[in-house]
Structures are given as C-alpha cells and as structure tokens.
Amino acid sequence: MSSPVHLREGLDIPGEGRQLHDFVSRLYPWCRSITGNGLRDSLNALKQFIPVQLSEVPSGTQVLDWVVPPEWNIQDAWIADTTGRHIVDFRHQSLHIVNYSVPVQAKLPLAELKPHLHSLPENPDWIPYRTSYYRENWGFCLSHNQLQSLSDGEYEVRIDSTLQPGHLTYAEFRIQGESADEFLFSAHSCHPSLANDNLSGMAVAARLAQLLQGRRLRHSYRFLWAPGTIGAITWLAQNLNSLGNIRGGLVLSCLGDSGVFHYKRSRQEHASVDTVIEHVLADSAPGHVVEAFEPMGYDERQFCSPGFDLPVGRLSRTPNGQYPEYHTSADNLQFVKPAELGGSLDILLRIVETWESNRMLRNLAPYGEPQLGKRGLYRTTGGTSGNADEAALLWVLNLADGAHSLLDITKRSGLPLATVSTAINHLEKAGLLTETNGLQK
Ligand code: ZN
C-alpha cells in the first residue's frame, strides 16, 4: 500500500457518537419534506460541520422524466374537538401531518374525517409517517389507540400550509484530492421527525466530510444531501457532464440503530466500491450482511438506473423496512444510539482509508510470465513447490491487467493483503508493474 492515510488516529469514537446524537436531537423536531424551509434549515444546519453549498432548483424545472414540484411549507395543523381542545397537534410531533397536505379549514363529523386519518393497528401506540407528494390531498397521522378513542361528533380541522412555486433545495460539499476521480456519499434529507431513517445518515456524512477536509487525499470526495428520489434525480439531471468522474459511491441511511451493518452492492455487483466495502466489513464488522443489488430502496435506485449505472452501493445498519420502527414515531431519539452512530463513522473512515490505499495495477510484461529468477524474485531450484510469496507474485502478474485492483487480487487469490502488497512492491521495484491512473469503474 502506498502512503496509507490514517484517518482514525487519536479519534474519540464514543465522543464522536455523542456529538452526532446531539446533532440528530437538534434536527429531530423539524418538519422536513422534499422541498420547503424544514429541508432548507436542515441543510443549512450542516454548516456546523462543513461549509456546504446549497442549490435551489425552481419548481417546474424538468429533471429527467420528472418535474420539480411546488414548494411546500407548513406553519400549523391541528384537529380540535367540540370543546376547542387540540386533540392532534402538528406542533407536538411533525409526523402528525401527512407530508405535503394542502391547506384546510373545515368542520366535519368523524365519519367524514376518518378517511383522512392514518394509524397503525399492529403497533397501536405509534404514529405512522405518510406523504402525498404528487397527489393533492390532506391528512393526519395518529396512534391507533387515539383513533379508536375518538367519539362521534363534529371536529374542527385546520391545516395552515402553502403549496406554491418555489424551489427544491440540495446541499453539496466537495473535497479535492490529487486525482479528479470522485467518491460520492449521498444521504436523503427529506424525512420529518425520524431519527434513524434520514438524520443518522445526514449527521454521519457531515462529520465524515469534516474529518476528510484538509487531508492530503489521493481521490476526491463529493457529499450530497438531497430529498429522496426527486432530489437525487434533480442532482443527476444537473450534473450530467461530471458523472463520469464518479468511480465509487455510497448511499448512507439507517446508521444509528443497534443492528449489524448491511451492505447492498452496486448494480455492477463487482465494482471497486463493492470489493473495498466487503473487505472492510469482513475485517471490522462481525456478523455483517452483504446483499445483492435490487431496484428498490433509497437513492441507489437513481444512481444505479441503467443509463447511469454508477458504481454506488448502500450502507445501513438495519435496512429500510426491516425494522418495525421504520417510518413510525418509534424511529426516535432512543432508537438511535450514540455508540452506533460513532461506530458507523468509524466504519466509514475505514472505508475511505481502504479506498485511498487500493490501487489498479498493470503488468508491464504481460506476454508470458516474466523470468522472475533472473531478477532474484523466484527460487532458483526447480522441482520444489512454491510458497505464498511466490504465489502472490504470480497472482499479481496475472491479474494486473489494468482492470483489477490490489483488493481484487487479494480476494481472488485468497492470500493475505500484506502478502499481496509485498509482492506488488517487489514487482514495482523490478519494473514489472505499474499503477494505472485512478480506480476504474
Ligand atoms: Zn424512509
């Protein structure tokens, strides 16, 4: 490995975890959405870590097959009973309002209100998270226990929201390395009061960016915080000319719960990013799970759509939809833990260290095996069986075709990383091997 970068030296991981949890706690009450001031304020809050750059894309802008929607903002929303008491109040919990609800001022009987109420019979204490981005509608979410306790009679409903031409906001931060090749970290930022699904990824990405800033790095890193789906699509549409620089990437989500790490491979399945992350997890994340690509999930769906086919995987602890608290009020500040947030930051730093160390290699004498004995690299007595050091030389020479990296060769040969690294050093010194430019897709 050439000049390895040590990013974790002297880092107090438990302390890091506590600071990340503090940040998640500060943003937790805010009502984020795919547009609007809750999203904008949350992206501005990332400036606590790094000077992110915000982009504002006007409503109505065509982005790939989609159109940037009107901007939604909400000031207040409640349901009151006949005594005027607010029985459901958005100001207490942003999940109470169906995200993107249109303004409403009405009095209506329970029977007419009920189609607009959402609950979770299977978890009767929890409030669900619901959205209606692309169909004008309104609604409230509440616990099933509360829904069942509502008596017949008239209710007053007030939703003080606006749905008007405005902007979709996303935030970026780029760190220039020696090479223009980029690694993309992306975290969706559109969920309201949900701690694991959304805030954990946003926070860990921001601190990671801060720790990489100012380091001498071989590769460049781009960080993106954008609303799910429409935000990633908007960003892709606006960056069509620079996507060719992306040599690897990770969607970050659900990084604060107590589950083991789950890595979802890129659509390419065996890109450098897949090899690097599987190597790090095998090394440092007991019990981790590697999952094949599928076109469901978060923004890896957009980055890995066939026209782009970017080598972007996804790192989570427990993935979306695989924990009962997912998209409910139980995905809260107790569900995400400082230790797990800190552990996720630690794994991401290891991933960057490994990404920095990994190299694509090319054999400079690829026609037949070069004669290693005359270069002092091979045993001089024939007929004996080789050792691991010699096997490593042969594996490196054979796989170094410009399309395999140090880690690819380690994985395919089954030899220890250190043995393969030593062989690479010997072959480079002998003039038989060179590093090719950057990491290929
Ligand atoms: Zn979600």
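1. A residue is called buried here if its relative accessible area is under 20%, exposed if over 50%, and partly exposed in between (1.4 Å probe, protein chains only). By that criterion Tyr298 is buried, with a relative accessible area of 10%, and Asp197 is buried as well, at 0%.

2. This is a predicted model, in which local features need pLDDT of at least 70 and side-chain atom pairs count only at pLDDT 80 or more, whereas totals for chains, interfaces and linings use all residues. Residues are numbered from 1 along each chain as its sequence is written, and side-chain values use heavy atoms, with hydrogens and water left out.

3. The zinc ion is coordinated by His191 (NE2), Asp197 (OD), Tyr298 (OH) and His327 (NE2), at 2.0 to 2.5 Å. Donors are taken as N, O and S atoms within 2.8 Å of the metal (3.2 Å for Na, K and Ca), and since water is not among the atoms, sites may look incomplete.

4. The arrangement of the 4 donor atoms is irregular because the angles they subtend around the zinc ion run from 70 to 131°.

5. Along the chain, the donors of the zinc ion follow the spacing H-x5-D-x100-Y-x28-H. Asp197 lies in helix H5 (residues 195-212) and Tyr298 in the loop between strand S15 (289-291) and helix H8 (300-303), so this pair ties together parts that are 101 residues apart in sequence. Helices (H or I, at least four residues) and strands (E, at least two) are DSSP runs, numbered from the N terminus.

6. Strand S12 (residues 220-226) is mostly covered, with 7 of its 7 residues buried: Ser220, Arg222, Leu224 and Ala226 lie on one side, and Tyr221, Phe223 and Trp225 on the other.

7. Strand S12 pairs with strand S10 (residues 167-175) in the antiparallel sense over 5 bridges, and with strand S11 (residues 182-188) in the parallel sense over 7 bridges; two strands pair if DSSP finds at least two bridges between them. Tyr221 is the bridge partner of Ile175, and Phe183 stands opposite Tyr221 too. The chain crosses from S11 through H5 to S12 in a right-handed β-α-β crossover, a term that applies if, with the strands pointing away from the viewer, the path from the first strand over the helix to the second runs clockwise.

Conventions: Tetrahedral: all angles 85-135°; square planar, octahedral: opposite > 155°, others 65-115°.
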